[in-house]
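The report below takes the contacts one by one.

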Amino acid sequence: MSEINYVTRVFSSPLDVPSAAWNALLAREADPSPFMRHEYLTALHQSGSACAHAGWQAQFVTLWRGTELHAACPMYLKNHSYGEYVFDWAWANAYAQHGLDYYPKALVAVPFTPVPGARLLAKDEAARAALVKALIAHAREEDLSSLHLLFAQTPDVSAARSAGMMLRHTVQFHWTNADPAGQAFTDFDHFLASLQQEKRKKIRQERRKVADAGVTFRWSRGGDIAAADWDFFYRCYERTYLEHGNAPYLNRDFFHRMAQTMPQHWLLFIAERNGQPIACSLIGIDEASRVAYGRYWGALERVDCLHFEACYYQPLAWCMAHGFARFEGGAQGEHKMARALLPVRTTSAHWLAHPSFAEAVERFLEREGQGIGEYMDHLAQRNPLKAAP
């Protein structure tokens with residue numbers, strides 16, 4: 001990048017990028033989720049969960065001035081669109097129908113992790129802008145069909161838009177620890193009091209079904225999560241995927257590495273009946289930002305409403321008790337609104353090399369964006385919270 005004399009280096013593994021330098025850039029960002037930490041990306045790579053054999057060929061793009069890392073991002077060459085949560089299958093099909101190759105494509109994202117946050121790590125905005133230009137230049141040089149930046153934070157989106165990338169919006173559902181007057185909830189009853197009567201009644205009924213079934217919960221955090229509990233979690237997680245006819249994206253070795261290198265970012269809820277564990281949910285947490293992330297769930301037995309209790313009510317109660325400000329419910333799931341997780345717009349950015357397809361996608365995104373806006377308006381009318389006094 002001649003205008004500021006950056007040197008661009010592309011690495012085939014996160015292990016080739018100094019972890020301290022990567023994490024230092026992440027710490028500067030406005031929204032530094034733990035899932036962009038060097039340890040998390042390394043665990044995905046070393047465990048084989050996200051690797052070239054699985055269709056995730058790492059090409060981490062970095063910008064340097066001398067020996068100092070100024071910008072970096074996790075980029076992958078993809079030969080499929082699984083594990084992304086921003087769906088472009090129709091674009092791939094359109095390419096195929098015209099005899100063109102959509103894959104491989106370039107993807108800037110955290111594999112299997114639809115958590116909004118920093119993607120383009122940069123020392124300053126000049127470095128961020130240069131990184132976007134370097135990504136597009138690299139995609140051109142490698143003759144790739146396209147470049148996609150998923151679940152990006154606001155400064156990333158601004159840099160991508162300035163570079164001519166097209167924006168696309170999706171909707172997630174997040175809970176905020178604040179009553180209509182803006183005060184943090186003191187306990188679950190305080191939270192319920194903020195809801196409309198119908199929603200409050202429904203949640204109480206769902207929680208009562210789980211309690212009447214004799215199910216209780218315990219939680220463990222960080223280094224207190226026992227190895228046996230990690231093993232039980234993976235049994236549940238794997239079984240839930242297999243019941244839906246798919247192998248899990250993440251293998252047991254990945255979670256072993258999480259327990260070793262990032263224990264402080266995990267919270268495990270285990271449901272028990274008659275002294276035996278029957279289900280669990282694993283929540284990501286970030287103490288610095290006071291944010292929790294709904295991530296994984298699984299069960300060995302079926303109990304009515306157990307999923308809601310394990311994945312929403314237990315984590316929300318924990319967040320209230322420990323002063324966490326936000327709980328992000330993950331991708332999709334309009335049913336989360338009934339549990340007071342409200343709609344939030346998320347943004348991705350896209351560049352296509354083929355001019356005609358770029359024009360067609362731009363028109364599509366215009367129409368889709370209007371639909372997302374109407375959808376958000378529709379959801380706003382179904383807000384489960386009482387009006388502010």
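## Helix α7 against helix α10

Ile-203, Glu-206, Arg-207 and Val-210 in α7 are in contact with Leu-306, Phe-308, Glu-309, Tyr-313 and Gln-314 in α10, where contact means heavy atoms within 4.5 Å. By class, this contact has five nonpolar, one polar and three charged residues (Ala, Val, Leu, Ile, Met, Phe, Trp, Tyr, Cys and Pro count as nonpolar, Asp, Glu, Lys and Arg as charged, and the others, Gly among them, as polar).

The axes of α7 (residues 197-212) and α10 (residues 306-322) come within 9 Å and cross at roughly 115 degrees; axes are lines fitted to C-alpha atoms, for helices over the stretch in contact, and angles run from 0 to 180 degrees between N-to-C directions. Helices (H or I, at least four residues) and strands (E, at least two) are DSSP runs, numbered from the N terminus.

## Basis of the model

This is a predicted model, in which local features need pLDDT of at least 70 and side-chain atom pairs count only at pLDDT 80 or more, whereas totals for chains, interfaces and linings use all residues. Residues are numbered from 1 along each chain as its sequence is written, and side-chain values use heavy atoms, with hydrogens and water left out.

Four strands form an open sheet in the order β1-β3-β4-β7, with antiparallel pairing (two strands pair if DSSP finds at least two bridges between them). Because β1 (7-11) and β7 (121-122) stand at the edges, each with a single partner strand, one side of each is left without a neighbour in the sheet.

Strand β3 (residues 60-65) is joined to the antiparallel strand β4 (residues 68-73) by five bridges, and Trp-64 has Leu-69 in β4 as its bridge partner. Helix α4 (residues 125-141) packs on the sheet and touches β1, β3, β4 and β7, its direction making about 130 degrees with that of β3.
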